[in-house]
Amino acid sequence: MKITNLTTYRVAPRWMFLKIETDEGVTGWGEPVIEGRARTVEAAVHELKAYLVGQDPARINDLWQTMYRAGFYRGGPILMSAIAGVDQALWDIKGKVMGQPVYELLGGLVRDRMKMYSWVGGDRPADIIASIELLRKGGFDTFKMNGTEELGMIDSAAKVDAAVERIAEIRAAFGKKIEFGIDFHGRVAGPMAKPLLRELEQYRPLFVEEPVLAEQSEQYRRLADSTSIPLAAGERMYSRFDFKRVFEGGGLAIVQPDLSHAGGITECVRIAAMAEAYDVALAPHCPLGPIALAACLHVDFVSYNAVLQEQSMGIHYNQGAELLDYVKNREDFKVIDGYFKPLSKPGLGVEVDEQAVIAASESAPDWRNPVWRHADGSVAEW
Ligand SMILES: [Mg+2]
């Protein structure tokens, strides 16, 4: 079998799908994207074509190493997201050829169902309590929300109090009937992370995500020493080489590699195993589409330390399309009591509605991250 073609489709809300075709008619789908830089990743995917067309899709390990190493320059969000989508599509092809779901090819299930959580509130969270009420009716009991809006490197007691009061209200409304993580989203710099963590500790969040930016990861150990809240990060780390430094530095309780940003299934299985060796839990990042989510689930179902799966149903970014709009086998993604079942169809287990994808790609929006400004006019982390 030989790879014959790669086709990319940018689609609403801010996703990109990749179809890899073979000379035997088997096709695989992947989701290579960086939110807000879809066109850049698309160019990178097409540059990889030269390494792929004419090659045997079964040799995923060799093709991965070729894409990673043969370009000399490597790593980072663009190149590793391009590799990630190709890798997902190659696993999809392999599974379809073997007639097995990807988790079987990775050694089989380590659990029967996977716990997932729901985003609640948007970028500027307001009526979170009503949203949680609604989502609880759908079976969710675990949530994630943004912790703050813009926050200066040194900011006011009023801003800290506003962030803490919102969390206090949620605990007061629901007690211990729900659990939640709080995403600092890289908006908080080191000087404010410490007081915020200290004030939030009493509300026992499951974790605080990106307590400081990934490029400040040497602070994670110091922050972890100052709080009992488990610290999580990883969506802005792109390979086991990035994660290696974070594991060695210590401080994280949970790593959150993104299956569409960190080299795909091949790389994230390795990152998960590295995490297990450091007694660190896994919670793959996935505010993306159905193929990325399927890739996450196959890794979760073979990784002992996988504790939570993010997913994008109803997320504030999904303007113009929802998680399952491009999926035919929607029943396989049914959420039961806040859990997903294994995707048991051959390959990734996503039957892509290709006609819907093609139609959507004809009017794909160019989604961009908002640009926020502080009161003094300087750019703020979003
Ligand atoms: Mg995040």
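How many of the 11 residues of helix α11 (residues 290-300) are buried? The views below take up this point after an overview of the predicted model.

**View 1. Overall fold of the predicted protein**. The protein has 12 helices and 14 strands, where helices (H or I, at least four residues) and strands (E, at least two) are DSSP runs numbered from the N terminus. Its radius of gyration, taken over C-alpha atoms, is 20 Å, close to the 21 Å that the globule rule (2.2 Å times the number of residues to the power 0.38) gives for 382 residues, so the protein is as compact as a globular protein of that length. Residues are numbered from 1 along each chain as its sequence is written. In this predicted model, local features need pLDDT of at least 70 and side-chain atom pairs count only at pLDDT 80 or more, whereas totals for chains, interfaces and linings use all residues.

**View 2. Helix α11, residues 290-300**. A residue is buried if 20 or more other C-beta atoms, placed from the backbone, lie within 10 Å of its own, exposed if 12 or fewer, and partly exposed in between. By this criterion 11 of the 11 residues of α11 are buried, so the helix is largely enclosed by the rest of the structure; among them are Pro290, Cys296, His298 and Asp300.

View 3. Ala44 is buried, with 24 other C-beta atoms within 10 Å. Leaving aside residues up to four places away in sequence, Ala44 touches Ile78, Leu79 and Ala82, a contact being two C-beta atoms, placed from the backbone, within 7 Å. Ala44 and Ile78 lie 34 residues apart in sequence and 7.1 Å apart in space, C-alpha to C-alpha.
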